Amino acid sequence: MQYTLLILLLPLLSFVVLGLMDTKWKARVAGSVGTLVLSVVAALSYYTAWAYFSTANVGGIYQKIVPLQTVWMQFSGQLHIDLGILLDPISVMMLVVISTVSLMVHIYSLAYMKGEKGFERYYAFLSLFTFSMLGLVVATNIFQMYIFWELVGVSSYLLIGFYYTKPEAVAASKKAFIVTRFADLGFLIGILILSFYTQTFDFGVLNSGNAGIFASASGVTFMGASVLSWAMALIFIGGAGKSAMFPLHIWLPDAMEGPTPVSALIHAATMVVAGVYLVARLFPVYVTYTPDVLHGIAYVGAFTSLFAAVIACTQTDIKRVLAFSTISQIGYMMVGLGVSGYGGHEGTGYMASMFHLFTHAMFKALLFLGAGSVIHAVHSNEMQKMGGLRKYMPVTHLVFLIGCLAIAGIFPLSGFFSKDEILAATYMYSTGLGIGMSFIAGLTAFYMFRLYFNIFWGKENSYEHSPHESPLAMTIPLVVLAFFSFFGGLIPFGKFVTSDGAAYTGETNYVLAIVSVLIGITGILLAAAMYRKKTMLPDRVSQSLGFIYQLARNKFYVDELYLFITKNVFFKGMASPVSWYDRHVVNGSVNGLAVVTQWVSVKIKGIQTGKVQQYAWVFLLGTLLMAFLILFL
Amino acid sequence: MSPLLIFVLIPLLMMIALFFTNNRKQVNLISLSGSLLLLLSAIALVVLFWRERTAGNTAQMLFAADTVWYREFNIHIATGVDGISVLMVLLSAIIVFTASLVSWRIESMPKEFYTWFSFLAAGAFGFFISIDLFTMFFFLEMSVVPKFLLIGVWGSGRKDYSAMKLVLMLMGGSVLVLTGILGIYYLTGAETLNIVELAHKNIEQPAQSILFALLFTGFGIIGALFPFHVWVPDGHSSAPTSVSMFLSGISMKLGAYGAFRVAICLLPEGAHQLAWIFLILSGFSVVYGAFAALGQSDLKYINAYASISHCGLMFFAFLIFNETALTGAFLQMISHGLITALFFACIGMIYSRTHTRLVSEMGGLMKVMPFIGVGFIIAGLASLGLPGFSGFVAEMTIFIGAFQNSGELQRWFTIFATASIVITAVYILRVVGKVLYGKQEHQAYDSLADAYWWERVTMITLIAAVVLVGTMPSWFSNMIQDGLAPLVAGLVK
Amino acid sequence: MNYSAFLQLHNEMTLLAVIVILLVIDVFSSEKGYRFFQTLALILFSIHTLLNCVPGEPFEVAGGMYMYYPIHTYIKTILNVGTLIVLLQAHRWLNTEENIIRRGEFYFLTLSTLFGMYLMISAGHFLMFFIGIETAALPMATLVAFNKFNNKSAEAGAKYILSSVFASGLSLFGLSLVYGATGSLYFDDIAKIMTASQIELIGFAFFAVGLFFKISLVPFHLWTPDVYEGAPTSITAYLSVISKGTAVFVVFTIFVKVFGVMIAQWQILLYIIIVLSITVANLFAIRQQNIKRFLAFSSISQAGYIMLGVISGTALGMSSLVYYVLVYMFSNLAVFGVVTIIENHADKTSIRDYTGLYYTNPKLSIVMALALFSLAGIPPFSGFFSKYFIFSAAFKEGFYVLVFIALANTVVSLYFYLKVVKIMFFNQSENPIERISTDIPSKISLIICTLAIVFVGLVSSIFEQISVLGFGI
Amino acid sequence: MGSILENFTSGIIPMEAYIFVSFIMFFSGIYGFLSRKSLLMVLISIELILNSADINFAVFNRYLYPEHFEGFFFAMFTIAISACETAVAIAIVINIYRNLNNVEVDSLDELKEPEASDEK
Amino acid sequence: MAEQIIFYILAAIIAVFSVMAVTSTRLIRSALYLLFVLLATAGLYLLLGYHYLFAVQTAVYAGGIMVLFIFAILLTQKPGERITPEPLKQRVLAIVLSVAGIAFCGHIVYYNFNRVYSFVKEAELPTKQLGMTLMGTEKFQYLLPFESISILLLACIVGAIMIARKR
């Protein structure tokens, strides 16, 4: 299956060519080249998926296939960094997701970005991102993953900052990069610790279940936790950064400054789930050796999910609502992983999480692209500027509704299936957590439909030029994604992706399913009551909630806290003092040396009086001292 | 006479040729052809070196030659290269080539400028090809004069002060180095100054530790180790562009190279004894430099402190004493040399157009000069360790290598040092954001020209090199390991 | 009584011949012939230099009162060349109106002091040595006061002769004690008899002062800046190079040969004096504004470095020392050459006046810069080699800390040398020194010096030659 | 001192007596050199210093090493040298007088370390 | 016995006049005291049996040098002019240093010349022998310094004239 290399190389090639050509090509040419390449990639991915799932199942277990592997850098000893391609159920699944969404975004952007300055650059960056993301998922070892992890980060940075003349976009890109970089630091240290004890980077070895490789770490503890826990926790921090887990989530809402298709691709469907993917990738290690960390992940996920959902209920920027919704949903996935065990029924969470990843990618991309379509029409992100758009944009309206229903977990849309599995797994793990998650599901339904009603229903705004349906290049991807969102849940996911590779079909917990749907519907109804028509209800509710509402609306002031920390601790507390110290103390001490020398030089000038008798005096004294010295020393 | 001496002879011949020039065209012609010749020779050297190696030549130093110079003091003109020095020569050649291009249109006295610059280059090449302590020191010191004049005459800002400070501090380093060299020579009682032969001699403790401290500190000053780095910010920022490139690209590497070749390899026991002190200093240097860079507002200062941070990492890696870390250290030398040269080149280009280096006075330059802007961003991304560029490879090799050390201190400081990658990201992005992105500060910037052809060649050459190292690291690490293999045996306990 | 032995002293003899011929011409020549006086003097002196530059076999004359070793030829040739350069540099100055009537005396006196230095070098007996030292000192005082109508020069002359006589008084006193203790004045005999008794030690201490005064080591240096500043520049050059070089060489031979028994004691002494000389002189030098005064302190500090060769007391030290003197001579004379030219043309001696010299007189300032770099000991100039050798020589004998201190001081010395370079190169002046067209003799002298600064170090055979003969002492 | 008294009667003048005399002369000279203001007085002091050394040489020669005339001749030559030195010194002093109109040592103060330095 | 008495008288003269010579406030008197000291020194040489040295001392010092001094004094001083006394501090310091020097050197010399000296009482040295010694080139003969010092003398004369003459 060496042709899989092409999946990686084609986008890279596309990036290089588009990057070098830059403005020499017409925008249309650049766009078509990019899209064409991506369609080939997508085709290859589908073929790979088909080929993999049809051939790799040996004895009921999906085997890991490494069609390509090359040593990139050899270190002394056993350590080496390889570049290769690893095919297993989750990576193949991700290939499909990424190439699908990416292709959709490529097509969509042809119209959405039309006429933008830097169109060619945009496509180059998209290609770069696709390359990096694909490289990330097929990584055969943790270091390769880290390499592409960083590349993904930078392409995200470049895309968020695409409108580089807009200060907000520049700030947002910077923020995104730095926050994720900070998280990556944890990832890196985790890798270092892990590799120190295991002497390998390879996923194959790490996940082989061979306890021998962790032997040297056993018994080593630091601050009460085993060193392996530390390593895995640090690695999770890396994932948490990319996946915007609390408290590293702050970059994601700001990242919406980027072009909307980018948000759909990177900040909804693909890159942000990299953290989930990372945990899933190392799942055997987590579950076997550091279950404590895994439980921590579950709680972090749950909290983040709740936290983001609450905020999402109060935001007015439609992209930000979607962004918080994304955070919340990724929290879901994390919970799914966190509560999962290994193999069979125990492993439901794992499977569910991956399933949710898949469905979420589809419906969230759909929602973002839909939102983009709306923004394209209205030229604004703000809910207040919208309303009643269902008449003007029927297609968008329909697909958006599908997306909202999917995310709200309404049967039989895809979200229902995946979310339900996660809830099931959670209840299996802890009832309390399960109830919490159910509540969040309700919240999700509420804020999604708040969004939906605000955009497409409610009071009709007076538009300067009346909004119109988006062009075909935009609606086709929407429809395609809507299709997936609608029917994606019917895929028997457990057959393909499970924690141990063996197929698994969970029995549906009907009670739970029905309750979930009911909760979802409650949320929807609540939203309909409040937002379907222009009423005073929302204001009253928000007033009665008062303080809490303000907290949520201001995202619990986490941004401000960060700002405070970076400004006061990082810049004023560290950087400025260090540079002051450097200029004045270190530099000063060197200059001080010179000053002291000068000072001494001035001080001793007294012996050079110009009086010859004084000279003779010193002369004689010197002589006598010399005599004295020579005699008595 | 060794064939390697052409690397010294070419610059000297350039000087002579420049003496007879009388207009800018001729000066440019000579400097370009000379530096191009150097670059080609360096590439040829790499090729020949590999051919020799694959042909089965296992001598530690290839192309070695040895001519007695001063018999009385056993001073020989001994030259030879192993994998490491070959790469260093290549690095120097690239930087000399690009640096001479950058100053293509230097305003005043081009003839003198290039004369001194060639002199500077001769010193650097001489240092890397020498394997005799005296000649090494000779070439190391030779650069003092040209540096002083180049900064003082063609520099900007507080150039008098900076030039003086730079030279005096470097001289201070040299003093320690010279004491150490004399110590090694006389305390081993060896009849040679050849570093290959001296490696087999032993010096008693505690003399060895004292000498190590002297030598390492001395080279540390040259390589900008905290707290002896203070010449770097002022020196780099006052120097003209090409000299800044040279200073941070090559000069600081002289210190690091010497610290390894002389201090560590010849005095391994002392090194092990005192490693912890310098480990703490260099580890601290890494984070300290990054933080200091964060607090600057002048582009050159930022890059100067970034250099301190990155060079600290080299010293840090040296003191880990394992092959991986050492490989990383040399990769970092190459990588940092290229990246920082690229950075300084871009800064110089921007400065020559906007006539300011203050971050706050720029903005939105990306629109006006996209080529330089892209170069600048690439330099920045490479500097913050983005995969695909050399910085990542080097840093990761160092971190992985350093973490393989069994010492607690080493590992803790590795973790400490990794923090720099975040801080680096912060200041790099801050600069990129302020300078290139955002709104244009001044209307006058609208009419600024993008890169001229010589500037394009400079940037493309450097970027190509950076990408090459970043994507094909094993070519380079193999070369380095080729040089390290015989040395490491004596180092690793 | 074998007077033919005198013929063996051909170096001294030819010098005397030159002196006498010049004296006769000076006294008797016509106005017309007088015009060629300087040219003739230079030619004669060059001939003398060339005639005496090949070393021969060691010999003794007058029962060991005069001793010859091959290394003497080298040191004397170095002095000859140095003197020749000084004479070349003085050429134009002597042709000025006020000096033209005194130039005969100038040559006569200069060469007489040179003769005295020959005697110092070759003496095998303290009487010869003392006569030599006085012959080198007393006419020198008149030379220092050569610009006799100039207050500064007159004052410098007075200061020089007072200090000099005081020093020789102390020296003589010490010598008398040495004589009292050993009963001989022949170097060889004293060396055999000497036991480092207390009286010998105290005699030595007083005696050494006379020499330290000549080398102007701290604390016997105080006269130096004043005299250097006041004396005519050519004489300052002569004092700082020739006079000092001789004294340094003689200190080595006498300390090692005569007072070799008390090596432990004088090493301690020199240790302290070297540290003091280098440090104090450097500290003073950094604040000087007058170029000549600055060079005075620079020369004191250089003297401290040269003494590192003495303190080692080995053949290696000897050859390093001679080599150092050679290099120091060329470097210092190059600086003085430039200073002389500028003083003669622009009458400026303040360092600040040199601002932007590079932009009006690039060649002069480059020569000056190279010379200063050489003095500071920066490769590839010869000064680096000489410093390295002299440090090696001292280091080899175990003076680790001393060498380190000396080395650390090179940083300070680099600072003040570079300060001058900085002033010349970095900034343009509003009131620069005009473009100067240099006279041919000065040009020749500067070319010689520059070539030497660049090549003496790189060409190793020069040192090899010296070092082969260094074992002669 | 005992031996001096003893020798006083025994007929031989002790060498130490000569030396002591010369020391007194020497250090008077030193005192004069260090303290007197007139250049001529300073020169007179120098004469004393040189003369005391002459006495030393002669006495040592006579008392300790009478077999050769080393000290004798040294003293003799030194006398000649001091004559030279006086001649030159007096010429210079007269020159000073011509220039400055006095012969005070303290008036030789034009050449000295300048007060202020131009360093920042 | 007479010798001792003469010696002590001479010694006393030297000591007293040395001190007076350097402390007198009138230059011309100082010169005179110096003359006494020099003559007394000549007397000492006579006592030692060095008649030739006596002659040289008298002729050169008393005859030559003193004349120079007198000339110089007359040239530069007005008659009866007194030198203003030096500051006390300067004098005290000089005295202290001188006395310290005398004590130090005297101590060392006195306690170290413990070898038996042989004062041979003999008639004056034969002048012919002296002449031969002065003119010889063997060891312990002094032709070479004799010739050398002639150069010194010549040089000093030329130098002194150059400085002293008007032009």
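Modeller: Two strands are said to pair if DSSP finds at least two bridges between them, where strands (E, at least two residues) and helices (H or I, at least four) are DSSP runs numbered from the N terminus. The model is predicted, which is why local features need pLDDT of at least 70 and side-chain atom pairs pLDDT 80 or more, whereas totals for chains, interfaces and linings use all residues. Residues are numbered from 1 along each chain as its sequence is written, and chains are lettered from A and ligands numbered from 1 in the order in which they are written.

Biologist: How do you know that strand 1 and strand 2 of chain B pair, and in which sense?

Modeller: Strand 1 (residues 62-70) and strand 2 of chain B share six bridges in the antiparallel sense, and since at least two bridges are required, they count as paired. Leu62(B), for example, stands opposite Val81(B) of strand 2. Four residues lie between the strands of this hairpin, in which Asn74(B) takes a positive phi near 55°.

Biologist: What makes strand 2 of chain B largely enclosed by the rest of the structure?

Modeller: A residue is buried if 20 or more other C-beta atoms, placed from the backbone, lie within 10 Å of its own, exposed if 12 or fewer do, and partly exposed in between. Seven of the seven residues of strand 2 (residues 75-81) are buried, so the strand is largely enclosed. Both faces are covered, with Ile75(B), Ile77(B), Thr79(B) and Val81(B) buried on one side and His76(B), Ala78(B) and Gly80(B) buried on the other.

Biologist: Why is chain B called as compact as a globular protein of its length?

Modeller: The chain holds 20 helices and two strands. Its radius of gyration, taken over C-alpha atoms, is 21 Å, close to the 23 Å that the globule rule (2.2 Å times the number of residues to the power 0.38) gives for 493 residues, so chain B is as compact as a globular protein of that length. The C-alpha atoms of chain B fill a box of roughly 70 × 55 × 45 Å along the principal axes, and 69% of the 493 residues count as buried.

Biologist: Which residues are in contact with Val89(B), leaving aside its neighbours within four places in sequence?

Modeller: Residues are in contact if their C-beta atoms, placed from the backbone, lie within 7 Å, and with those neighbours left aside Val89(B) is in contact with Phe7(B), Ala42(B), Leu45(B), Val81(B), Phe125(B), Phe128(B) and Ile129(B). A nonpolar core is a set of buried Ala, Val, Leu, Ile, Met, Phe, Trp, Tyr and Cys residues joined through C-beta atoms within 7 Å; the largest has 763 residues, and Val89(B), Ala365(A) and Val93(D) are those with the most contacts inside it.

Biologist: What makes up the side of chain B that touches chain A, by class?

Modeller: The contact takes 40 residues from chain B and 37 residues from chain A. Helix 18 of chain B gives the largest share of the chain B side, ten residues. That side has 23 nonpolar, 15 polar and two charged residues, where Ala, Val, Leu, Ile, Met, Phe, Trp, Tyr, Cys and Pro count as nonpolar, Asp, Glu, Lys and Arg as charged, and the others, Gly among them, as polar.

Biologist: Which helix of chain E gives the most to the side that touches chain D?

Modeller: Between these chains, 66 residues of chain E are in contact with 61 residues of chain D. Helix 3 of chain E gives the most to the chain E side, with 13 residues, and by class that side has 48 nonpolar, 15 polar and three charged residues.

Technical notes. Contact = placed C-beta atoms within 7 Å.
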